[in-house]
Amino acid sequence: MATTETSAASPRAQANDFSISPSELAALREKARFVRLETIRLIEIAKTGHYSSAFSAAEIFAALYYDVMSLRAGEPKWPDRDRFLMGKGHAAVGLFPILADLGFLAKEVLDGYTRLGNPLGDHPDMRKVPGIDFSSGSIGHALSAGAGIAWGGRASGRGFTTFVMLGDGEMQEGQVWEAALFATQHKLSRLVAIVDRNGYQLDGKVDDVIGIEPLTDKWRAFGWEVHDVDGHDLAALTELLRRLKADGARQTPVCVVARTIKGKGVSYMEAEPGWHLGYLAPEDAELAIAEIMAREI
Amino acid sequence: MTALLSAESWQYRALNAKNPGLDFLSDALLELVAEGHPVIAGSADLQYSNGLNKFAHAHPDRYIQFGISEQNMVTAAAGLATTGHMPFVATFASFLGLLCCEQIRMDVAYCAQPVRLIGHHTGISLGFYGTSHHATEDIATMRAIADLTVISPSDGSQLAAAIKASAEWPEPIYFRIGRGRDPDIYERGAHFVIGKAIEHGAGEELTIIACGLPVHPAIEAARQLNAAGRSVGVIDMATIKPLDREAVLRAAGRSRMLMTIEEHNVLGGLGSAVAEVLADEGCGVKLFRHGIRDEYSLIAPPTHLYAYYKLDAPGIEQVASALLDGRPVPL
């Protein structure tokens, strides 16, 4: 469960011990597995969806929502909560099951995913879904929104951290870099961008479409503290995010470039990036589920 | 921290001597702060054009310099609003109402955040700066966005009153304002109710429905026409959305003819909004939509443009006279 235990004030954080225990790690791995299985189940309802975009982000979702972020499911607008925004809003199918699991929305709501009148669509809507901090869907806006939230939190004297997950294809949007300049100028140190660097966008490899490398150098040149991490290494990812959240001395925003694999967890999706948007026939879904159940990530 | 020109500096005084209306925006925001409202102001490298430097000087902790990144400004303002603040962000209307249209739709209106968007130097008020700096489409874009209020004040006092009134308004608002040289119509401290038109006389022959800068010359033209024996009234339709439909219908019931005037394309703006009401209600009254006639404005000093497009008092009087006499409109 997301709790306040990992906040900067906790004894463990004060002791600068951000290490994750074997039992915590095992529990988070189960949550990432849960994200992948639920993604398959929900897209079966919609008959089309972003499997592989959610799969590349499954460990990031799990680390944030079940460990790093301070949240209160019974009080979704709790002013001191940590915030999460999705620039790649099309991966929300992986987040909705978490919100239901944590108690932000009734589990039955998931069963009507994308159906007429249901609050859950392909992209997250803050007016309809408790626990969604900002709506998205138009690529490139989220870092600006997160920067505004971080500015407002600091002005209000609140210590929360704003996490913004960005797609790597999203780096092609100019507004991202407007926000990057702004966050540095205004020293928004409680703003953490996480780039899901899965390497693919709709039309192919990001670096074949419009290349974004050297990505870490770009963020560094924009004045951000930059970390490069394996986005499926839950231990490394969680420990890094715990440490970034607890760091009260930092004067700059932070970018975590999470190296991920599009479709991670299902080998035939990993091999075929065309799964960005698709639908699994029942027999393919069975194969995927079997692999997700059997495989340790 | 941005270096600020103080409100006492010669640069600011020089600007303010040319644009006495610059103080209205900042002064209204300062009053809202004094009343305890959680105002944060921001601008995109135009604080001396919109006068927000005065606010920034008084409350540096409540002012955000965004630099030349208008889209980031609008989206960040929406994020900021989710933390309990009331952002007022300002830039040229051409950038706000067109460049930032999608950010306003997605992040402000769709997310229902109480951001106040100030599009200044609207219409053709930037004269010879040209089409990039003219905003003759912003009413059309903004009023088509659901859950967004659109207000076009006609002078500085009304702007100040509308800003004050906005503190209690639940929806986000797009303010479409001039450049601070608008002649006075109303007394300082005048009452303003969002969604209520202000009627200046009743006309049996013609009612002019105007918004923004053309309201003052429309009142002047009506005065001249009435002095010549005509019966012409003027409605200041400062709130374009939600439109005061009752005021339109009252005018339609009273007058032989209606005329809208706006510093905007005649497509999609105030004239279209009025036409929609008349059509919805089956009113057969003739409507003439006066404004920029689906073209890009010429460049010239603003007063020359207003004369050329017959948006000044003599021009409005000519257009109205032709309508009343059944002659071709001289455009």
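Trainee: In what sense do β7(B) and strand β9 of chain B pair, and over how many bridges?
Mentor: In this predicted model, β7(B) pairs with β9 (residues 232-236) of chain B in the antiparallel sense, and the pairing runs over three bridges.

Trainee: Which residue in β9(B) is the bridge partner of H200(B)?
Mentor: The bridge partner of H200(B) is V234(B).

Trainee: What is the strand order of the sheet with β7 and β9 of chain B?
Mentor: The order is β7-β9-β8-β11-β12 in chain B, an open sheet of five strands with mixed pairing. The edge strands, each pairing on one side only, are β7 (198-200) and β12 (286-292) of chain B.

Trainee: By how many degrees are neighbouring strands of this sheet turned against each other?
Mentor: The average is 20 degrees, with direction ignored.

Trainee: And which strands does helix α11 of chain B touch?
Mentor: Helix α11 (residues 245-254) of chain B packs on the sheet and touches β7, β8 (206-210), β9 and β11 (257-265) of chain B. The direction of α11 makes about 160 degrees with that of β8(B).

Trainee: Changing topic to the two chains: how many residues of chain B are in contact with chain A?
Mentor: On the chain B side there are 22 residues, in contact with 21 residues of chain A. The largest share, eight residues, comes from α5(B).

Trainee: How do the residues on that side of chain B divide into nonpolar, polar and charged?
Mentor: The side of chain B that touches chain A has 10 nonpolar residues, 10 polar residues and two charged residues.

Trainee: What about the helices and strands of chain B?
Mentor: Chain B comes to 14 helices and 12 strands. For 331 residues, a compact globule would have a radius of gyration near 20 Å, and the 19 Å of chain B agrees with this. Along its principal axes the C-alpha trace of chain B spans about 60 × 40 × 35 Å. Of the 331 residues in chain B, 56% are buried.

Technical notes
Residues numbered from 1 in each chain as written. Chains lettered and ligands numbered in written order. Predicted model: local features only at pLDDT ≥ 70, side-chain atom pairs only at ≥ 80, totals over all residues. Contact = placed C-beta atoms within 7 Å. Helix = DSSP H or I, 4+ residues; strand = E, 2+ residues; numbered from the N terminus. Nonpolar A, V, L, I, M, F, W, Y, C, P; charged D, E, K, R; others polar. Pairing = 2+ DSSP bridges. Axes fitted to C-alpha atoms, helices over the stretch in contact; angles between N-to-C directions. Rg over C-alpha atoms; globule rule 2.2 N^0.38 Å. Buried ≥ 20, exposed ≤ 12 C-beta atoms within 10 Å, placed from the backbone.
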